[in-house]
Structures are given as C-alpha cells and as structure tokens.
Amino acid sequence: MKDKQFWIVLSGLIVAFLIFWFAGQPMFNEDRVVMFITIVAISATLLYNIRMAKRGETFYLRPIPGLKAIEEAVGRSTEMGKPVLYVPGIMDMDQVETVAGVIVLGHVARMTARYETSLNVPVSRSIVMKAAREVCRESYMMEGRPDMFNDDMVHYLTDDQFAYAAGVNGIMIREKPAACLYMGKFYAESLILAETGNSIGAIQIAGTASQAQIPFFVTACDYTLIGEEFFAASAYLSQKPELIGGVRGQDMVKVAVISVIILATLLRFIYETWGVGFDAIKLLTVQ
Amino acid sequence: MIWKRQIPILIVAFIGALTLFGWFVEEPNIKAFVDDDATQWYDILASFAIILGAMNLMKMQIQKVARQKKGWPYSIVAIFGFLFAITAGFFIKGVDDSVAVWGAHVTTEGTLFKWIFDYMFTPLSATMFSLLAFFVASASYRAFRIRNFEASLLLVAGIIIMVGRVPIGSLISSWVIMYIIVLALGIGVNTWKKDKKITFGVVGVGIIIVTVAGMMTGWPLDKPAIFYLPIIQEWIYYYPNVAGTRAIMIGVGLGIFATSIRYILGIEKSYIGE
Amino acid sequence: MKALEDLILKIGKVDRRWIFLVLAIAVFIPIIKPIGMPIRATETTKVVFNTIENLPENSKVLVSIEYSPSTKPENHPMTISILRHLFRNNHKVFVTCLWPDGQFMAQDALKQVAEEEFGKVYGEDYVFLGFRPGNEAVIKGIVSNIRKLYTVDVYQTKIDEIPLMDGIKNFKDFAFLFSCSAGYPGTVEWVQYAADPTGVPMSSGVTSIQVNEVMPYVQSGQMKGVLAGMPGAAEYEALMGQKGFATSGMDAQSIAHLVIVLFIILGNAAFFIERKRSRKY
Amino acid sequence: MSMTVILGAWIAVFLTFGIFSYLYKDNPFYKTAEHLFVGISAGYWASIFFWTQIQPNLFGRLWPSSEFSAESLWYKIYNGLSFLSTSVFPPGGIDKGHDMHLSYLIPFALGIMMLLSLIPKLNWFARWGIAYTVGMAAGLRAYGYLNSNVLGQIKGTAASFTDPNMPFFSLTSVSTFNSLVILVGTITGLLYFYFSKEHKGVLGKASKVGIYFLMISFGASFGFAVMGRISLLIGRFVDLIKYSAGDYNNATLWVLVIMLIILGYDAFKSRKTPPVNEEAV
C-alpha cells in the first residue's frame, strides 16, 4: 500500500465501473466482461510495478546464468589474447531485440575495457552503429579507459542479410576471436554465423527471441539466452525502472496464470464430478 | 516540439484506447467506426508505409550511386529493378482494357506485371529461401553438437520428428528402434558405472529380450506402438511439444499485451525514436 | 578402430561445399527417379479431412490464401487439395488473401481446380475476392462487415452484382474457414480476430516453420487440425486419393532428412572422438 | 511456346543459379541477383499496395463515380488529377462501389505526410501516421493475444480428468497421462521464465523440468525447420528440371554450363594470387 495515489485512482475507477454496471451497463458488451476485468487487472499490475520501480523500489531479479557465461567468455579471450566479436542482430533499432542487444553490448564493453581485451562489433544498420558506438564509448569512459576506445570498434558492414553474414564470417576467419556473442534479432543467418564460429573453436553465446532460430543457437552455441530470459537480462543490465518494473509485473501475472490453470482444473473436476460450483471453461470462453 | 512529440503520443493513446475499448462497446456508431472505418484507415496507412519503405530504399540506393560508395554498380541494378517493376505497375500494362483494366492488371494473366512476378520475383524469392536447406545441412554436420543434456534432448526430439514425419519413417520397424534404445541404454550405463562387464551384460540381456519377444510376436512392423517412429513422433508433436510451446506462447502473449498497454499509456515511446 | 576414427575426423574437416553437393545430389536423384514410398496420415491431418467431409452440402466456406511463391512448394499443394475437396462435396467457396502474392497463388489454384477440373461457375459456385492490405485489420473488417472492405472482387466486378455474395454480410455467415498460411499475417491472426471471437470453426495449412506456432491452438481446440508443411499436403493428397506435387516430393524429402540425420550423427561422432583425444593428451 | 515465356524461363534460371552461386562464394552473379531482388520487390510491393488499397479504397471513396458531377469544385480537382494519370483517375470518377466519404481525407493527409517525411527536414512528418498504426495495432493485439494466447491456452491446459471413457495411458489419443504431460509441461515451462526468485529448491527443480519441455519443443521446431527448407529446395529443383526441357531451349543446362565456366575460370585465375579469405563465403 505504498503508492497511495495509485490505489485511490484504481478504487475510484472500480467504484465508477460498479455504478455503471448496476445502472444497467448501457452500451456495454456483457459477453466480454471477463476479458474486460482481465485487461484492467493485468494493466493495473503492470502499471503498479512500473510506478514502484520508478519510485526507487529495488526488486530482486534472479541471476541469469547466461550473463555469467559472457563474463567467462571475455575472460578466456583475455587469457588467449584474442578479440571478442559481438553481433547485435541484423535488424534496426525499432526492434525490441536490437535494443536489448545494444544494452547487453554496453555490459560486454565494460568488461573488455576492464580486461583490456579488444572488441569488434560489426553492424548492419547505420542507426544501430550510432547507438552501439555511443554505448561502447560510455562503457569505456565509466571504466576509466577512454584511451582504449576508438570508433572503429563498431563498424558498419552492409544492410543485406547474406552479404552481412559473409562479411562477419570473413572477420571470424581472419581474426579468430575467442568469443562470439550473438545478441539481437536474427533470421536465417544465425546458422551461418554459428557454424563458422564453431569451426574456429570460439566460445559462443547467443541471445534472441526469434523462436525459429533458438533451436539452431542452442545446438551450436555454448550458451543461449532464450526469449524472455534475454529481455530480463537486458532489463537487469539497463537498470531502467520501466523495464525492471515490467519484468516484475509480468512475473506476477505469470503466477496468476499458473494459479488460474490449477484452479480451473480443480473447479472443472469438482463441477464435472459432483456438479458443484460452475463451469470454469465456459467462463474463460469469451466470444 | 508539441507537433513532433506530444501529438504522436496522443494519437497512439487515443486510437489505442478506442480500439481496445471498441471490443466492449455496443454503441452502433462507435462500433461502426472502430470496426470498419478505423481499420480501413489503418489499411490505407499501412499501404502508404509500404510505399514509403520502397521510396526510402531507393533513396538509399541512389545516394550510394551518387557518392560512388563501395559496390555502387550493384545499386544501379537495384534501381533498374525498381523502375522496371514500377513501369509494369503504372505505365505499361501489356494487354488491352478488354483483358484487364487498370487495377486488375496486377493480377491478370498475360500482363507485364504478371510476367515480372512469374519469371523474376518468384525464382528470386523462392531460391533465397531454399538456400537455407544447404546451410542447415552443413551446420548439422559441423555445428550441431550434443554439448549437454538440453542439447541432446533437442536433437533427439528433432531427429524423431524429422524421420517420423516423412514416409521413410513408417518403413522403419519398431524393433530396430528397440535395438537402438538398448544400445543407447548401454552407452548410458557405461558412462554411469564405467564398467565394461556391466555394460555388456545390460546390452546382451536387452538384445536377448528384444529378440525373443520379436520371434514370439513375428516381428510386426508397427508393434509395439510405443516404439514405432510415426507414433512416437506424433506423441512428441502433440503433447510435450505443445506443453513447451504453450509456455512460450503464454509468455509471449503477456509480453505483447504488456507492450501494447505501455504504448497506449504513453510509457513506451520507441516509435518516435526515444 | 583408430583408422575409422581418423577417417571420421578427416571427413569432419571437409570443406562445406562438399556437404552442399551431397545434399544437392540427395535431393536431385529421388526427384528424377522416384521410389513411391507409402504415405501415412497423421492424426491432425485426418481431423482436417474429417471436418471438411462432415460439412453439410452447400456450406459457405472461406478460404484464405496467405503465402507467396517462396513457400509455394509447401502451401500450394494444400490449397489444391482443399479446393478439390470442397468442390467435390459441392460447397460454395469464397477466396480472400492477406498477402499480395497470395492473389496469384489463389488464381493459379482456382484456374486449375475450379475451372479445369470441376468446371464450376464463377459467381455461383465460387468467388475470388482478392487481397486487401492491412493484416489483422483486414480480418477485423471481414468479421464485422465484409461488404465495406470488399466492394469489388478481383476482376473489379461489384460485389452486389455477384449472386453468391447474397446474404453474406460478415464472417459469421460462413460455415468454415480454411487458412493456407506461411507466416504473419496468417493463421495466428485468424484465430485471434476471427475464429475465437465468433466461434466459427477453422482449420489451417501452414508451412513447416510455422507449425509449432499454431500447435497449442490445435491442441486446445481453437483450430480443427492442421496440415503441416509439404508432408502434411502429401498426407491430404493420400486421404483424397489423388496424388499431386506434394506426394511426388516425398521421396526426395525422406532421403534428404536421412542425409541430414546422418550428418548430425557423423558430426557428433567426430566431436566425441576429438574430445576423447584431447583429454588423453 | 511463345518467345516471352522462353525468355522468362531463361531469366528465371539465370536468377536461380545466380542466388545458388552464393554457396560457392560471394560473387558478382549473386550480388547482381540479390540487388535485382531488392529493387524488383520494392517496386512490386509498392504497385500492389497502391492498386489494391489506395486507389480503390481511398481514392474510390473520395471521388466515387456515383456522385460525379462535372460542375462541382471537388470533381474539378479530380479532373486535374485525371489529367496527370487517366489510369489512376479514370474520367468520370472511380467506380469501386463506394459512396463518398470525405472523412477519408484524414488518412489521406496522414499518408501524404508519411511520404513527405522523405525530405530530411520533415522526417518527423511520418510520426503521425505511424502513431496511428501503432495505436491501432496495440489496441487490436492487446485483446487478441490476451484472449487467444493466454485465456485460450489456460482453457486448453485445464483438461478434464473425469471422463470415464478416457484411458489412463495412450500415446496417440487423449488420455489422463497426456493431459498430465500438458499440465505439468505448461506450468513448469512458465516457471522457467519466472525471474523474481532464485531457482533453488522446488522452484529450481520445477524450472529444470520446464527447460526440458522447452527443449523438446525447440527440437520439434528444429525438425520442422529442416523439413520446410528441404521442401523449398525440392520446389526449386522441380522448376529447374522443368526449364531444362527442349521447350525452353534447355535453359537450365546452358546457364549452368556458362556460369560454371566463368566461376571456374575466376577460381583458376585467383589461384595464382594468394587467397585472402578463401573460406569467407
């Protein structure tokens, strides 16, 4: 009950809706009231958590093993004296996954600055190049190594999908990086990249939400951040309240979903065996 | 500033809320607007967005040629392709009005536009996608490794689906699968106990049991059903696979819902580049 | 044993272009010299078949075409078989497209099945409404008022002048929907914006890549079965008793899958041998 | 066979092999074919979207032929436009069965603003139109995904365990065992994506089970992805075989031979100079 303003507004809205409902709910489609309540409830949960995060509340987020793996990969590159290759996907900054990829890049750049390992980031969109450069520069400044940063770390190859893949492959074969990180939105080129990375014996870590590409990454890379895990990792690294609050809010909704599944199964069992209660499945069918 | 920033946010909030609550409203005028006209406007703007995308692409290619950047002669090819398609789309129909009027020409047999579609667009796009078959083949040889338990689970499920789905899978007897399982069991026991005697014992007993059972039943191809590839394949596909996919689906569904709500409430503003 | 291990290791390092060549040959030869392996229908395919088989005669069926030539080998045989099935059972067919290229695909299929094989009359037995851009908004339009969205058909004939369109106002006037889909927008959007909100039954034929995306809908009954990729199309052809393109590709498909599985096994064998040796030294 | 068809076949074969030549290495044939693809598809999409939506459903509503009168100022503007292009604006108004709806000037204006955003100074002009589509998509999807992908799936997971005819164990049909698999798999899979608590103890074990289910479904995706790619390759090969016939002057064979000679010569020549990144295909 920390956020008074939120609760006042919410209860006001509920009272208003109840009055509306008992006044004969003019112009309201009653068949969909279950959906309506669900939407309001979930939205309120999300909003509440985002507001809490913005007010400075800290939430616990479980450690994500993939991030630990990245640290080890950078460490190994340092030991071997070889560069780290970072591929932020092939799409533009309007994709959530690219944004997440660039956030993780900031984290990687801090590590390479700390360990004095060279970092190579080929990109396929000019806007991504700008964003990635900015993030890297900032990371090197924060680690107190602005001298080590140069713009050529992040360089543009080409927009074309396969031409980009060919270019990255060329870099891998020439420079033989010890760690290849693929974090962003990928399509068919995922295979080509992961295969070449494997053939040069690099540690490979991937992160993407492109469902069709996850299987290829899981089998060809040493570690893969799967879908939401990738977003959660980037939220955790970015420390932006709206992202962290969002992760927390969605977690709460997930618990609610699981509870509803179990509850609906039980209710269904009770209803079908003894005819007690109501048909939960019918309730969930909204047309 | 208000034009560039606040108004777009306001438009998203208003249209988003209207569409979302349009699902619940029973007022005929609002319903008609939300269901018919608003969606039509969306369709029209979607078309403009596609045209804008095409023009943006051409702008980039022309700049590449003008500044003679690396690989610019290929950009001329791209520009040529664009102009060719536009010519067929807007200027040269290739048939009389009796065959196709303007507007119908983009779908009618015999027009220049259809020719481009058949002999240029189709082979190019289809071949682009079929290239991937080759990459899958070489990656399956050189990169898909059983690194850990998760990856092996993935690969085994994948192989069962791959073989069980196609006709050749139904030609593989369930007894062959049983022998393979016995051998796999042997490998498992070997890594666990690290004793050759026990391994040979397990494999030997397994083979004898399977062989005796087979001789007694007369080696039917698809019995016992739980070892018949097409049946295993169908089970994996319809049950464990659905369970896993459903978990992802619910997660993604909630994610999209959350993003949409953030858009409508104006918390997420990435579409204006923030 | 050592010689064998060395051999496996050696072929494990082969240039990948050789692998490309092996795959090309494995696909090419069965196309030229087919064996004709028997086809066994999976349950989800049978459900689609039975659902269509059980529709009462003269049902109005909406067929939506959402694929482009890039996935034609997978989707097109499905469209052909489904149209055959619908026309054979004397249903009325309405064709829409959510993908622009879908128009050509639909036209091709209609010409082959409706005109050449069954001699059906346009405007009385089937209507070709064509493509409208707008993804899910188009579906929403069809659900609420199809006449506002489609005022003319593909041939620019007015909808009001087409006899079959009499009494069709929105999606609820159809008895069944079949969506032949290769991605977004497609089956998922039809479930979300048409089938779930109205309760009209639907089935779908999808590309292999998309199957997993829609399987939860099939299992929960939001969709009645699904045809999965080219093998799914071949299964439908087998159920219809009319062989087609998909059936003729199944031999090549089988052999290619075997080759890929073999590659995975060989590759992993090399991986394990390498790991074993590096541990020893 | 007509000349245009044969010419088309030759071009199609050239472009197919041009793309396939990427398998050997990144080369000018591939680059030409790829850039042609980029250009052609941009022009193709623009034309299709214009003729299927903007012309009939936007212009058709602004200047319908049903309310045409040569005197009105509004149609005088139209005649001016018609002077520019009679194909887009045919004399006498656009006859697509619409009434006049001047409210459609709003999307028209937003659309024009989108196009004007090509001018660098006005690039924010596109935001209004994009904002409309973003808002609408958000409103549609929030409902669609929640209903079909969340509520619908909850419904599908909460299975019935009371049916007396349901067997306890059966692989291919509904059974208590299979319903339990779905129930357990879905719940544990969801728990894997739970981030607010460390995965230890019961939660750790459950999420471990969850990841196994996820891996099986990724495995199925993997299998289906391979299946789809192979099907498409079969489709391409069938087309190439078709074009190798005498009807098309053996296009496939000739193009293949010529391309092999050129690439072979190039490889021979570059052998003399040391390869820079031979494997960088």
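These notebook entries record what I looked up in a predicted model.

**Entry 1. Salt bridges between chains**

I began with the charged side chains. Side chains of opposite charge can pair when their charged atoms come close. Over all chains, I noted a count of 33 salt bridges.

I then looked up one pair by name. Lys140(C) and Asp35(B) form a salt bridge through their side chains, at 2.8 Å from N to O. Lys140(C) belongs to helix 6 (residues 136–149) of chain C and Asp35(B) to helix 2 (residues 28–66) of chain B, so this pair joins two chains.

My next pair was Asp37(B) and Lys148(C), whose side chains meet in a salt bridge at 3.7 Å, N to O. This pair also crosses between chains, running from helix 2 of chain B, where Asp37(B) lies, to helix 6 of chain C, where Lys148(C) lies. I checked the accessibility of each partner in turn. Asp37(B) counts as buried because its relative accessibility is 13%, and the limit for buried is under 20%. Lys148(C), at 22%, counts as partly exposed.

**Entry 2. Salt bridges in chain C**

I turned to a pair with both partners in chain C. Arg17(C) forms a salt bridge with Asp15(C), and their closest N and O atoms are 3.4 Å apart. Asp15(C) has 30% relative accessibility and therefore counts as partly exposed. I also recorded a network in which salt bridges with shared partners join Glu5(C), Asp6(C), Lys276(C) and Arg277(C).

**Entry 3. A nonpolar patch on chain A**

Which residues make the nonpolar surface patch of about 580 Å²? I listed Ile262(A), Leu266(A), Phe269(A), Ile270(A), Trp274(A) and Val276(A). I followed one of them, Ile262(A), to helix 10 (residues 241–274) of chain A. With a relative accessible area of 42%, Ile262(A) is partly exposed.

**Entry 4. The sheet of chain A**

In chain A I traced an open sheet of six strands, which pair in parallel in the order 3-2-1-4-5-6. Strand 3 (154–156) and strand 6 (223–226) stand at the edges; each has a single partner strand, so one side of each has no neighbour in the sheet. From one strand to the next, the twist averages 15°.

I examined the pairing of strand 2 (residues 119–123) with strand 3 of chain A: the two run parallel and are joined by three bridges. Which residue in strand 3 of chain A is the bridge partner of Val123(A)? I found that the partner is Tyr156(A).

I then looked for a helix against the sheet. Helix 7 (residues 189–199) of chain A packs on it, touching strand 1 (84–87), strand 4 (179–183) and strand 5 (203–208). The direction of helix 7 makes about 160° with that of strand 5 of chain A.

**Entry 5. Backbone details in loops**

The peptide bond from Tyr184(C) to Pro185(C) is cis, and its omega is near -10°. Pro185(C) is placed in the loop between strand 4 (176–181) and helix 7 (187–198) of chain C.

I also noted positive phi values in residues other than glycine. Glu116(A) has phi near 60° and sits in the loop between helix 4 (96–115) and strand 2 of chain A. Gln68(B) has phi near 50°, and its place is the loop between helix 2 and helix 3 (72–91) of chain B. I looked up the accessibility of Gln68(B) as well: with a relative accessible area of 51%, this residue is exposed, since exposed means over 50%.

Notes:
Residues numbered from 1 in each chain as written. Chains lettered and ligands numbered in written order. Predicted model: local features only at pLDDT ≥ 70, side-chain atom pairs only at ≥ 80, totals over all residues. Heavy atoms only, no water. Salt bridge = Lys/Arg side-chain N within 4 Å of Asp/Glu carboxyl O. Helix = DSSP H or I, 4+ residues; strand = E, 2+ residues; numbered from the N terminus. Buried < 20%, exposed > 50% of the residue type's maximum accessible area, 1.4 Å probe, protein only. Patch = residues over 30% accessible without salt bridge, like charges linked within 9 Å, V, L, I, M, F, W, Y side chains within 5 Å. Areas by Shrake-Rupley, 256 points an atom, 1.4 Å probe, with all protein chains shown as cover. Pairing = 2+ DSSP bridges. Axes fitted to C-alpha atoms, helices over the stretch in contact; angles between N-to-C directions. Contact = heavy atoms within 4.5 Å.
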